[in-house]
Amino acid sequence: MSCATVISLLLIIANLSQSLQFPYRYETFSKSINRRKVVRTIFSASFLATSVPLARAFDGGVGGLGKTKPETGVVLREGSAPIQNREGIVTAEIVSNKGNLILVEFKTPYPLLSSTTGLEARDLQKPDSAFVQVISEVPSNTEKKAVTRALSENILGSKGKFGAYSVPTDIKFRETEVPNLYKATFTAYTPAMRESERTILVQCKWVDEGETLVALVVGTTMVRFKSEQKTLANIAESFVAIDAPKTQLAVKR
């Protein structure tokens with residue numbers, strides 16, 4: 001905010017204070033100042049105070065590259081909503097294809113997107129993001145190559161987060177030294193069909209008695225990955241997905 005803007009804001013507040021003639025009583029407020037003048041003055045002060053440029057991002061998608069309604073497999077329990085506390089811990093209740101309740105949790109510095117379809121946290125000013133992907137019929141005893149193929153098809157396929165404008169190319173999906181943690185590099189495409197090289201980490205967990213794969217996908221651009229690798233790895237490491245305790249209550253999708 002520039003010095004001139006600050007001065008203007010202070011002058012507006014000063015004028016408002018004089019018009020209100022502090023101290024004043026609530027019952028004499030309507031007599032001391034016109035309501036329309038108050039609204040105009042407050043609006044002007046609010047505009048000046050919030051006129052700092054903000055970064056914009058596409059609604060839906062990862063770093064502005066994803067589908068508005070991708071098929072992530074995430075179905076929230078009816079009547080529930082994801083929450084994020086002040087420490088950045090995101091918790092949610094999702095329902096598997098088998099109708100079982102799954103509890104998921106991860107810690108991220110990115111804000112939770114309340115308007116998104118599925119479960120996603122994203123830095124709206126940067127290309128960094130984290131989202132949950134649920135893949136059915138990929139049991140825990142599946143061969144590693146088949147797991148890699150399922151992850152690639154669901155996350156990077158035409159119906160996945162990164163397939164909004166074209167299916168990603170130059171895909172390289174591999175295991176890491178960390179158990180059940182995969183790393184992938186690929187080229188995604190913007191609305192103008194410009195190439196965007198990306199890197200993601202995928203932390204896998206199995207629920208539903210080992211029948212359903214739940215993954216946390218964390219990533220950014222390939223250029224930023226080196227500087228953000230520690231943060232991304234910490235987010236992936238924080239991921240927890242467990243079967244909820246059985247109760248008599250019916251779980252609705």
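This is a predicted model: local features need pLDDT of at least 70, side-chain atom pairs count only at pLDDT 80 or more; totals for chains, interfaces and linings use all residues.
The chain contains five helices and 10 strands, and of its 253 residues 40% count as buried. Among the contacts between residues at least 6 apart in sequence, 54% join residues at least 24 apart. Confidence has to be kept in mind while reading the model: the average pLDDT over the chain is 79, and 70% of the residues score at least 70, whereas over residues 2–62 the pLDDT stays under 50, a stretch for which the model has 50 contacts beyond four places in sequence.

The largest nonpolar core holds 26 residues, and the members that touch the most other members are Val104, Phe106, Leu119, Val132, Val214, Leu216 and Phe239. Two or more residues of this core are given by each of the strands S2 (89–95), S3 (101–107), S5 (129–136), S8 (195–207) and S9 (212–221), and also by helix H5 (222–237); the largest share, four residues, comes from H5. Valine 214 shows what the surroundings of one such member look like: leaving aside neighbours within four places in sequence, valine 214 is in contact with Ile102, Val104, Val132, Gln133, Val134, Gln203, Cys204, Lys205, Val207, Phe239 and Ala241.

Helix H4 comes next. This helix, residues 144–156, has 13 residues and reaches 17 Å from its first C-alpha to its last, close to the 18 Å expected at 1.5 Å a residue. Its buried residues are Val147, Thr148, Ala150, Leu151, Ser152, Ile155 and Leu156.

Which aromatic rings pair with one another? A search of the whole structure finds two aromatic pairs. In one of them, the rings of phenylalanine 131 and phenylalanine 162 have their centres 6.2 Å apart and their planes at 55°, so the pair is tilted. Because phenylalanine 131 lies in strand S5 and phenylalanine 162 in the loop between H4 and S6, this pair ties together parts that are 31 residues apart in sequence. Both phenylalanine 131 and phenylalanine 162 are buried. Phenylalanine 162 also pairs with phenylalanine 186, here in an edge-to-face arrangement with 5.0 Å from centre to centre and 65° between the planes. Since phenylalanine 186 lies in strand S7, while phenylalanine 162 lies in the loop between H4 and S6, the pair ties together parts that are 24 residues apart in sequence. Phenylalanine 162 and phenylalanine 186 are both buried, and Phe131, Phe162 and Phe186 form one aromatic cluster.

Is glutamate 87 buried or exposed? With a relative accessible area of 54%, glutamate 87 is exposed, because exposed means over 50%. Glutamate 87 lies in the loop between strand S1 (83–84) and S2, and the C-alpha atoms of glutamate 87 and proline 109, 22 residues apart along the chain, are separated by 8.1 Å.

Notes:
Residues are numbered from 1 along each chain as its sequence is written. Side-chain values use heavy atoms; hydrogens and water are left out. A nonpolar core is a set of buried Ala, Val, Leu, Ile, Met, Phe, Trp, Tyr and Cys residues joined through side-chain atoms within 4.5 Å. Buried means under 20% relative accessible area, exposed over 50%, partly exposed in between (1.4 Å probe, protein chains only). Contact means heavy atoms within 4.5 Å. The expected span of a helix is 1.5 Å times one less than its number of residues. pLDDT is the predictor's confidence in each residue, from 0 to 100. Rings of Phe, Tyr and Trp (its six-membered ring) pair if their centres lie within 6.5 Å; planes under 30 degrees apart count as stacked, over 60 as edge-to-face and the rest as tilted.
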